[in-house]
Amino acid sequence: MPLEIITIPCRTDNYAFLLHNAATGQTALVDAPEVPAIRAALDQRGWTLTDILITHHHDDHIAGVDDLRGLYAPRVIGAAADAYRLPRLDLTATEGDQISVCGEEMAVLDVSGHTVGHIAFHFPGTKAAFTADSLMAMGCGRLFEGTPAQMWQSLQKLRALPDDTLIYSGHEYTASNARFAATIEPDNLDLVARIASITADRAAGRFTVPSLLGLEKRTNPFLRADMPAFRAAIGMIDADPAQVFAETRRRKDKF
């Protein structure tokens, strides 16, 4: 049975996520931007935190880890490569690891780019991937530490997951990302329809995260650098996909 997933808005535009197995009572948290919102979500449901999964070292993803450890004594899992700058880890993870979380086998992917050492968590049984600031709804994270080639490779790994995978990313940036995407592919009918849906969702106060990977593949410019229609739209029909990605990221940084 798929895990129950709760989306928790934190800070100004962050998201954290709770995963719960009703049969076992286990509950995992992906990233910990702050304590109050996460604790309130747990208390409301009577859940106890058994695991914390950390995607990367930025403060808006780890600020609450130590306090939550003090409250619930969860197992804390993060990237081995990032252990030196993360809260204390009980289990270090590298790409290819399969770890049982909430009774489901979870796969670890190295998705370096936004940071070096950023990891994502794929729960195939639940059809969910927690990608934080690598693949985002309609976008991808800024390249603070990695190279365009690294990020393009990371996004290809995520793009290879099944189309019906829900992508749980770390921020509510979707509307801005969509406005940028429209500057490159204004005639992409899937994109036009998605922008209308995003506009309606935000006007109604609804989250735009998670998003379906199949839809991301049709509308997210950062997944489309090797697709002829996108390469033509950006004026780089014969360029290497990593170069097309780099140019797309450069444009978004200035948008």
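Contact here means heavy atoms within 4.5 Å. By that rule, among contacts in the protein chain between residues at least 6 apart in sequence, 59% join residues at least 24 apart. The model is predicted: local features need pLDDT of at least 70, side-chain atom pairs count only at pLDDT 80 or more, and totals for chains, interfaces and linings use all residues. Residues are numbered from 1 along each chain as its sequence is written, and side-chain values use heavy atoms, with hydrogens and water left out.

**Overall fold and dimensions**
- The protein chain has 9 helices and 14 strands. Both are DSSP runs, numbered from the N terminus: helices are H or I with at least four residues, strands are E with at least two.
- The radius of gyration of the protein chain is 18 Å, which agrees with the value near 18 Å for a compact globule of 255 residues. The radius is taken over C-alpha atoms, and the globule rule is 2.2 Å times the number of residues to the power 0.38.
- Along the principal axes, the C-alpha atoms fill a box of roughly 55 × 40 × 30 Å.

**Surface and charge**
- Of the 255 residues, 55% count as buried. Buried means under 20% relative accessible area, exposed over 50%, and partly exposed in between (1.4 Å probe, protein chains only).
- The protein chain has an accessible surface of about 10400 Å², and 53% of it belongs to carbon and sulfur atoms. Areas come from the Shrake-Rupley method with a 1.4 Å probe; for residues, only the protein chains shown count as cover.
- The chain carries 24 positive and 32 negative charges, and their mean positions are 4 Å apart. Lys and Arg count as positive, Asp and Glu as negative; His and the chain ends are not counted. Each charge is placed at NZ of Lys, CZ of Arg, CG of Asp or CD of Glu.

**Cysteines**
- The structure holds 0 disulfides. A disulfide is a pair of cysteine sulfur atoms within 2.5 Å.
- C10 counts as buried at 1% relative accessibility. C102 is buried too, with a relative accessible area of 1%.

**Around F180**
- F180 sits in helix 5, which covers residues 174–184.
- F180 counts as buried, at 2% relative accessibility.
- Leaving out residues up to four places away in sequence, F180 touches P221, F222, T248, R251, K252 and F255.
- F180 and A16 lie 164 residues apart in sequence and 25 Å apart in space, C-alpha to C-alpha.
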